[in-house]
Structures are given as C-alpha cells and as structure tokens.
Amino acid sequence: MTIYDTTLSVIAADERIARFIGAASPGDLSILYMLLDCEEGTGQTAAASPNADLWGCFTEHGWMTFAGREEYGSAGAGFASLRYGLTENGRRALPIVMAKLVSTGE
Amino acid sequence: MLQRIFGKKQVGVSPAQDDGTVVLKMDKVRDYAIALASRRGFPADSHGMIANRVVFLERRGLPGLIALYEEVATAKHSFADRAAQSRELAGGHCPIIAGVELNVVANELTTAEEVDTKWIVAPSNPMLLIPKIAEWVRPTGRLVLVSWAVDRQVSAQTAIDGFRIAHAGPLPPLRYAQHIGFCRYPEETLPPPKLTSGFLEEVAYAKAVVEAMDLYMVTSR
C-alpha cells in the first residue's frame, strides 16, 4: 500500500480525525501547515481544547509526538499548554490528511 | 537604508555587513520577489504565488531569489512575447508558465517508475519548478526523484515531497539543466533521502547582487 492508501485507511477507520478537524479553528489548522513547512519546532495548543484532541489523535496514529506540557498561572486557576512535534510518518501523512479533510488550502 | 522600488513599493534592507553581504529576512525576500515579478510584468494575481515559490526555495537553502532575478532581468522579450514564446520553444521557456502547462501531466510525471523515467525539456532557471513539484505531490504523499541533465548527462538529483527536499550533486544544474527527468523515488531499493523542510529565516546575499536587483527595478521598461 502506498502512504496515500494507508493514510486514507486510517482516516476511514477513525472517525475522530474528521470530527476533530471539523472542530479545530483555521488558526489551529494553520499551525500544522507551519510545522510541515519548518524543519524543526513544535506547535503549542491549549490543554483540553478541540485542537489538543486533534493532536492527541494524531499522536495515537504516530503522526505527531508529545513534546511537553507547560502550566501558567496559579494552581486551580491556571492554564496549561501542550507541545507537539511532527514525526517522519506525520510529515508524509498529514499533507494527505489536510488535503482530504481541510476545506481551504494553505 | 530604504530604497524606492518600482513606484510606491519599498523594500528595506539591512546595511551591508563587514563581509560585503546584505542579510535579507524572508519577509524582505518575499518583497523582492513580488517587486521583481511586478517589474517584469507578471500578472498581479501571480505575484504572491511567485513570491511563495522563491521563499520556499530560499528557506531550504536554494537561491530562489537569484533564479527569479536572472529569469526576469535577462529576458530579451516583453512578458507577453515571452509567454507566447513558451508555447513554441523547445527548452529555455518561462519556468512559471512551464509549471502551469505541466499540471496536466503532473500525475504521470510523479508516478513513473525509475526504469521509465519521464523526461521533459527544461525551462530556463528550472530551479523555480521545485516548489511547483512539491505542490503537485503534497496531497498525495508521494516522494518524487527529479533528475537534472546537462548535455544529456544527469548532473544532479533532487528528492521532493510535499514540503521537503533533498538535493544531491552540484547546484548549477538547477540553473542550467536542459532536460528534467521525473520518477517516483524508489523507496524500496534506495536508502531514504535526508529530506529537509524550511530551516532558514534569513539569507545573506552579496551587496552587488542586491544592488543589481534594486537597479533592475528602478530602470525604465
């Protein structure tokens, strides 16, 4: 199977991917493009956000890797952000995912 | 140091450094590319696309801005005549127009097996095709192997996926190749290429080159 076929199979088998992409904001999705366009670097997203759900799902499929959690503010009233990076598999698969499931281009 | 470039468009550049180079951040690279495309007479709605391609190359360590400058500054015909010429020439035609015209065969070019490599006559400054090839394969996950031939000898090769490239061999074939070969990268038999995405946020150009681009843009058509 080609990477294209494999990726489409994953999308078909896991309905969360399309659902989480639909719930992510254009700004969140644009970060994926920026990560793909950069050799290094991680993206940050708010914990418990729709985008965190998306990146967590991508991590389960080996397309992203969790890179850390930062806490801001006082305990109980603070804010946490999560960092993720792309894997090699993700750099091949995510352009396909975005082409299939994201309605706008770059 | 601000220079007035082609009417109201201004491109601010850093002063020359002690080694005689000028540092351009990518926003300035983009500004220069837009100004060069505008000065040359490319349609206004293509300027952003051309600038994106130049930045794509520069961020990956390839001299895309030089390629664009040479393409526009050495042109012997008006843009309209050059566009018409592209449909008649067997090689050396406009690389921007070539990218559009090759869209119809993009699938064929990027899925060929290595033993059946598809060859095309190269446009001028063929490096400017690389971002277009990346766009072709971006939604497919394909990895393409592009061969650059000079005097019918493959002089360099570039592996390209949707956002990354890996170049093997000298850089001049990316400017002077007369033929370009396309096939899918034989991942089953060749080691994986060391693909890299954008990693540069600024580039250093010789002061004389920047001055030449400035001069081109302020001279009359």
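The contact between the two chains, where contact means heavy atoms within 4.5 Å, takes 19 residues from chain B and 14 residues from chain A. The model is a predicted one, in which local features need pLDDT of at least 70 and side-chain atom pairs count only at pLDDT 80 or more, whereas totals for chains, interfaces and linings use all residues. Residues are numbered from 1 along each chain as its sequence is written, chains are lettered from A and ligands numbered from 1 in the order in which they are written, and side-chain values use heavy atoms, with hydrogens and water left out.

The buried area, which is the accessible area (1.4 Å probe) that two parts lose on being put together, summed over both, is about 1300 Å² between chain B and chain A, and carbon and sulfur atoms give 44% of this area. Across this interface the rule finds 4 salt bridges, a salt bridge being a side-chain nitrogen of Lys or Arg within 4 Å of a carboxyl oxygen of Asp or Glu. R92(A) forms a salt bridge with E187(B), and the closest N and O atoms of this pair are 3.1 Å apart. The side of chain B that touches chain A is made up of 5 nonpolar, 6 polar and 8 charged residues, where Ala, Val, Leu, Ile, Met, Phe, Trp, Tyr, Cys and Pro count as nonpolar, Asp, Glu, Lys and Arg as charged, and the others, Gly among them, as polar.

Over all chains, a search of the whole structure finds 19 salt bridges. A network of salt bridges links D37(A), R59(B), R60(B) and E201(B). R59(B) lies in helix α2 (residues 47-59) of chain B and E201(B) in the loop between β8 and β9 of chain B, so the pair ties together parts that are 142 residues apart in sequence; helices (H or I, at least four residues) and strands (E, at least two) are DSSP runs, numbered from the N terminus. At 6% relative accessibility R59(B) counts as buried, a term that means under 20% relative accessible area, with exposed meaning over 50% and partly exposed in between (1.4 Å probe, protein chains only).

The loop between β8 (179-184) and β9 (202-206) of chain B also holds F199(B), which is partly exposed, with a relative accessible area of 44%. Not counting residues up to four places away in sequence, F199(B) touches E39(A), R59(B), R60(B) and G61(B). The C-alpha atoms of F199(B) and R60(B) are separated by 6.0 Å, although these residues are 139 residues apart along the chain.

Elsewhere in chain B, R175(B) forms a salt bridge with E70(B), the closest N and O atoms being 2.4 Å apart. R175(B) lies in helix α8 (residues 173-176) and E70(B) in helix α3 (residues 64-73) of chain B, so this pair ties together parts that are 105 residues apart in sequence. R175(B) is partly exposed at a relative accessible area of 28%, and E70(B) is partly exposed at 23%.

In chain A, the buried residues of helix α4 (residues 50-60) are N51(A), A52(A), L54(A), W55(A), G56(A), C57(A) and F58(A). The elements that cover these buried residues include α2 (15-23), α3 (26-36) and β1 (43-46) of chain A. The helix α4(A) is followed by G62(A), whose phi is positive, near 80°.
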